[in-house]
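Open the model in your viewer and keep the selection tool ready. We will go stop by stop.

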Amino acid sequence: MSDEPPRPAVLDPQEIYERAEAEGERRLSMTAQDQVMTGFIAGVTIVFGIVALGVVEALVEPSLGHGVAKLAGALAFAVGLVFLIVGRTELFSENFFDPVAAAIAQGGGKAWVRLARLWVIILALNLVGGAVLVGVISIDGALPEGAPHALVGAPRRSPGRSGPRRWPEPCWPGPWSPCCRTC
């Protein structure tokens, strides 16, 4: 009897490709209605994760400081990613390889039309789903004080930089603007 711990099964490249192809076929075979629903929900969940990042960061920073707030915000963003993965929703930028592998295996024009339909519907509905949630949270008072500022600043910060990047501050008129408090 060996004292070595059991080793996980190692997949060979062909088996990995076959699994990707099978998953791609599942995605290409979805009805348009399924694509619309999963694309919309993916847009909502990814924006939910971004909003969770801003809200948690804004709520944590006053009491625990900037570093802890950044960590807590990143963990909150992960909740949106978990919803995305567990819900098996379709994010446009997710796993492009799988449906392409299935289209290559099927060959012919119909497979490429199905691939184009998948990409167009998913991209459009990701944007619509995200826009709907943005519209909901844009209502005055929907987010706690400081959350809009955290959301606007998040893309300008990166690890290893002490200050924001030199990008123009987005500002537009209206009560939902992240930087226009008097509009």
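Here is a tour of one chain, from the overall layout to single residues.

**Before you start**

This is a predicted model: local features need pLDDT of at least 70, side-chain atom pairs count only at pLDDT 80 or more, and totals for chains, interfaces and linings use all residues. Residues are numbered from 1 along each chain as its sequence is written, and side-chain values use heavy atoms, with hydrogens and water left out.

**Stop 1: the whole chain**

Show the cartoon. You will find six helices and zero strands. Helices here are DSSP runs of H or I with at least four residues, strands are runs of E with at least two, and both are numbered from the N terminus. Read from the N terminus, the order is α-α-α-α-α-α.

Now colour by burial. Of the 183 residues, 31% are buried. Buried means under 20% relative accessible area, exposed means over 50%, and partly exposed lies in between, using a 1.4 Å probe and protein chains only.

**Stop 2: α1 against α4**

Select residues 13-28, helix α1, and residues 97-106, helix α4. How do two packed helices get described? By the angle between their axes and the distance between the axes. Here the axes come within 7 Å and cross at roughly 90°. That makes α1 roughly perpendicular to α4. The axes are lines fitted to C-alpha atoms, for helices over the stretch in contact, and angles run from 0 to 180 degrees between N-to-C directions. Angles of 65 to 115 degrees count as roughly perpendicular, under 35 as roughly parallel, over 145 as roughly antiparallel, and the rest as oblique.

Show the side chains at the crossing. Contact means heavy atoms within 4.5 Å. On α1, the contact residues include Tyr17, Ala20 and Leu28. On α4, they include Phe97, Ala101 and Ile104.

**Stop 3: an aromatic pair**

Zoom in on Tyr17 and Phe97. Their rings form an edge-to-face pair, 5.8 Å centre to centre with 65° between the planes. Rings of Phe, Tyr and Trp (its six-membered ring) pair if their centres lie within 6.5 Å; planes under 30 degrees apart count as stacked, over 60 as edge-to-face and the rest as tilted. The two partners are 80 residues apart, Tyr17 in α1 and Phe97 in α4. Tyr17 is partly exposed at 27% relative accessible area. Phe97 is partly exposed too, at 46%.

**Stop 4: the rest of α4**

Which residues of α4 are buried? Select Asp98, Pro99, Ala101, Ala102 and Ala103. The buried residues of α4 pack against α1 and α5 (108-137). Step just past α4 to Gly107, which has a positive phi of about 65°.

**Stop 5: Glu90**

Go to the loop between α3 (66-86) and α4, where Glu90 sits. Is Glu90 buried or exposed? Glu90 is buried, at 2% relative accessibility. Its side chain makes a polar contact of 2.9 Å with the side chain of Arg27. A polar contact is a pair of N or O atoms within 3.5 Å; within protein, one must be able to donate a hydrogen and the other to accept it, and residues adjacent in sequence count only if both atoms are side-chain atoms. Leaving out residues up to four places away in sequence, Glu90 also touches Met30, Thr38 and Ile122, among others.

**Stop 6: Thr38**

Select Thr38 in helix α2 (residues 32-64). Thr38 is buried, at 15% relative accessibility. Beyond its neighbours within four places in sequence, Thr38 contacts Met30, Arg88, Thr89, Glu90 and Ile122.
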